[in-house]
Amino acid sequence: MKKILVASALAVATLSVSPILSAPAFAQAKGVGVADVRIAAARSNAFQAASTQIETTYKAQIDQQQSRGQTLQAEINVLIAKYNEEAKKTPQNQTTLQAAAKAVQDKRQAAQTELGRIGAPVDLAIAYVEDQISVRMNEAVKAAMTAKKIDLLLNPDAVFARENNVDITDAVVAELNRILPTVSTAVPAGYQPGQLVQQRNQQLMDQARAAQGTQPAAPAPAGTAPTTR
C-alpha cells in the first residue's frame, strides 16, 4: 500500500517551482520559502482518510497481493539458490548457468505482472485520490504563500541550506485541509490516472486563450494614417 505520493502522480496543475532561478528573481523576492507538495499531500486529512478507506474497501486484494507476494518470493528464492549452486561449480557450465539466470529473471517479471494485476484496483483508487488532491494543490500553495507572506516558493531539493522557519509545508497542509477536507475513493468508470489534472490544465489553457481573444485591439500608433486602397 503506497502511503506517500510519488512525484509522477503529483502533476500539480499550473504549479511550477523551478530548481534553477536567476539572481534577479531572488533579489526581487520579498519573502522566500520552501515546501514539499508531496509530503503536504500525504499529510493532508483527505489523503489520510482516503488511505484508510482504500485499505478497508480493497482489503481482499491487499491481503491477496501480500500473501501471493510471499509465495512468489519463496519460489524466486529457490531459483536463486539453484543459480548460486551452478555459479559455484568448477568448471562452470555456461549453458546451465545462463538458463538458471534466465529462470530467475523470467520468474521475477512474471511475479511483478501477476502482483500488478492483483493490485490494479488498489493502485487505480490511489491514483484517483492523488489526482483529486493534485487539482487543488496549486490553490492550497497560493493560499499558504499569501498567509505566510511568501512571494517566491522553492522545492526543498533546489535549496542548498535553509532555516526551518522558511519551510511552509505545514501551512500548505492546513490549506489543503481547509480547501479539500475529503476526496472520493470511488473510481468513476473509464477513469485514467492523471485524467483530472489533464482536464484542469486544458480548462486553464482554454480560459487563457479566451481571455486573450477578448482583449481590445492595441490602438494604432499616433500619427499613423489608416491604410486605404
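**Exercise 1.** In which helix is glutamate 130 found? Then decide: is glutamate 130 buried or exposed?

*Solution.* Keep in mind that we're working with a predicted model. Start with the location: glutamate 130 sits in helix H5, which covers residues 94-147. Next, check the relative accessible area, which is 4% for glutamate 130. The cut-off for buried is under 20%, so glutamate 130 counts as buried.

**Exercise 2.** Work out how the rings of tyrosine 128 and tyrosine 191 are arranged, and which parts of the chain they link.

*Solution.* The structure holds one aromatic pair, and tyrosine 128 and tyrosine 191 form it, with 5.0 Å centre to centre and 70° between the planes. Planes over 60 degrees apart count as edge-to-face, so that's the label for this pair. Now place the partners: tyrosine 128 is in helix H5, while tyrosine 191 is in the loop between helix H6 (169-179) and helix H7 (195-214). The pair links distant parts of the chain, 63 residues apart. Both tyrosine 128 and tyrosine 191 are buried.

**Exercise 3.** Take a look at the backbone at proline 91 and lysine 149.

*Solution.* Proline 91 first: a cis peptide bond joins it to threonine 90, with omega about -5°. Proline 91 belongs to the loop between helix H4 (59-88) and H5. On to lysine 149, in the loop between H5 and strand E2 (152-154). Lysine 149 isn't a glycine, but has a positive phi of about 60°. Its relative accessibility is 71%, and exposed means over 50%, so lysine 149 counts as exposed.

Notes. Residues are numbered from 1 along each chain as its sequence is written. This is a predicted model: local features need pLDDT of at least 70, side-chain atom pairs count only at pLDDT 80 or more; totals for chains, interfaces and linings use all residues. Side-chain values use heavy atoms; hydrogens and water are left out. Helices (H or I, at least four residues) and strands (E, at least two) are DSSP runs, numbered from the N terminus. Buried means under 20% relative accessible area, exposed over 50%, partly exposed in between (1.4 Å probe, protein chains only). Rings of Phe, Tyr and Trp (its six-membered ring) pair if their centres lie within 6.5 Å; planes under 30 degrees apart count as stacked, over 60 as edge-to-face and the rest as tilted.
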